[in-house]
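Welcome! Here is a short tour of one part of a structure, written to be read with the coordinates open beside you.

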Amino acid sequence: MTTVPTPASTVKSDVCIVGNGSIAKTAALGLAQAGHSVTLLCPPAPSAANKPAPTADQPWDVRVYALNHTAHDLLASLKVWGALDMGRVAPIDTMAIHGDGVQPGDLAFDAFGAHVGSLAWIVEDSNLNQALDAALKFAPNVNTVVGNATRLETRDNDATVHLANGVTITCSLVVGADGAQSWVRNQCDIGFDYRSYNQRAIVTNFACAKPHHGVAYQWFTGAEGIVALLPLPGDRVSLVWSAPDDMASTIMAESATQLALRLAQLAQENLGALTPLQPEQVRDFPLALIKPHTVVAPRVALIGDAAHVIHPLAGHGMNLGFGDIADLLKVLAEREDQRNIGDARVLARYARARKEDVLLMQLATDGLARLFGTDFEPLRMVRNLGLNLLNKLPMVKRKLISQALGK
Ligand SMILES: Cc1cc2nc3c(=O)[nH]c(=O)nc-3n(C[C@H](O)[C@H](O)[C@H](O)COP(=O)(O)OP(=O)(O)OC[C@H]3O[C@@H](n4cnc5c(N)ncnc54)[C@H](O)[C@@H]3O)c2cc1C
């Protein structure tokens, strides 16, 4: 349900979620299903001119996510997974990771070895959002309000979000799901560490001449960054190339066909020739590590990229966000009767519950990005040896896989 409240009106609910990405929408569904009334505060939609024209045969979205089992289980429990267009979802059966240099290391794991049906699933952003929007239409406890937030006021027992048009939203708990530049985080004066990777992730889709057999390929190339080709349904793959800034500028000035030629040396053996999918679309995203000093403040919890931004080399930013939602729901459900959902102790439990998962993923992705971001030969040898060694240590490998699966 979408409401356009009249100016100066007051909206009341248990929770106000600020944001309208996949994480905000999933949190809204989860909290509503748990019996809380939810106001979802979305910014005014961008003008129609910015939106791609709908076509009968929807083109493949260049924004795709590798969703793990945590994401799958949460979305399934909210009846969102079943609403995805499964014809557009590709399971990942094997991950093949390659090092660089004269003696490149190799690391591979597969669903069979991990005793699961699939390691992860590649889902388009548009497919996920269509399923979430459809579920939200039928969610009885969710009220969507469109407007610009200007001020967040917190008191002992509640909080109020003030909008530019005079509308106020009063609630017990404000959830900041408003992305890397989080307005909610700023309103709470939560400081954060920021470090640019001086890289941009370039994304686009290709048809491949040979079948990919559900393999997600990743190459750590040193000077040219990290290249991933992820399986899409049919003989198609989706590129995520984390390239140094200078190189990214050059690539973005070229055509998608030139980009395919740049990838030929890596992809030819397993995937054959790559051909850009039509209509051609190449996008880039600046990459940074953002670590807020806390994910809670009085009456406030941060989730998703508002709470942590990591390098996409492991494909886990969104998965961490789904983990935030699962833990927030659990902590709220397990609270004592006398505590309400914005109680400081309850929020502190949420912060504690997230600490280990988030820290592990920050350390792992940041460590790998730094380790593989240099061309220093001794380091190159060590990291390639490390990949080979890991490949031969079943126990460590199993631990790594279960972490990646979100199990
Ligand atoms: C190239 C690339 C590849 C990636 N691949 C993967 C992957 O394979 N797997 C994975 O798990 N993760 C992946 N990620 C990470 C993933 O994209 C993010 O972690 C995820 O999109 C974060 O979702 P979010 O909803 O928290 O934030 P966002 O998607 O940034 O959404 C925030 C929303 O808040 C809204 N908003 C902002 N300000 C306000 C305001 N003041 N009021 C109201 N609303 C507001 C915005 O409009 C936006 O809709 C990848 C990231 C990149 C860059």
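## Strand S12 and its neighbours

Strand S12 pairs with strand S13 (residues 168–171) in an antiparallel arrangement, through four bridges. This is a predicted model. Within the pairing, alanine 159 has cysteine 171 of S13 as its bridge partner. The hairpin of S12 and S13 has four residues between the strands, and there glycine 166 adopts a positive phi near 95°.

S12 also pairs with strand S11 (residues 149–154): the two run antiparallel and are joined by five bridges. Here, too, the strands form a hairpin, with four residues between S11 and S12. Look across from histidine 162 in S12 and you will find arginine 151.

## Inside the fold

How many of the five residues of S12 are buried? Five of the five (residues 159–163) are, so the strand is largely enclosed by the rest of the structure.

In a regular strand, side chains alternate between the two faces of the sheet. In S12, Ala159, Val161 and Leu163 point one way, while Thr160 and His162 point the other way, and all are buried.

## The cysteines

The structure has zero disulfides. Cysteine 171 is in none, as its nearest cysteine sulfur, that of cysteine 16, lies 5.2 Å away, and a disulfide needs the two sulfur atoms within 2.5 Å. Cysteine 171 is buried, at 3% relative accessible area.

Cysteine 42 is likewise in no disulfide; for this residue the nearest cysteine sulfur, again that of cysteine 16, is 9.8 Å away. With a relative accessibility of 9%, cysteine 42 counts as buried.

Note on methods. Residues are numbered from 1 along each chain as its sequence is written. This is a predicted model: local features need pLDDT of at least 70, side-chain atom pairs count only at pLDDT 80 or more; totals for chains, interfaces and linings use all residues. Side-chain values use heavy atoms; hydrogens and water are left out. Buried means under 20% relative accessible area, exposed over 50%, partly exposed in between (1.4 Å probe, protein chains only). Two strands pair if DSSP finds at least two bridges between them.
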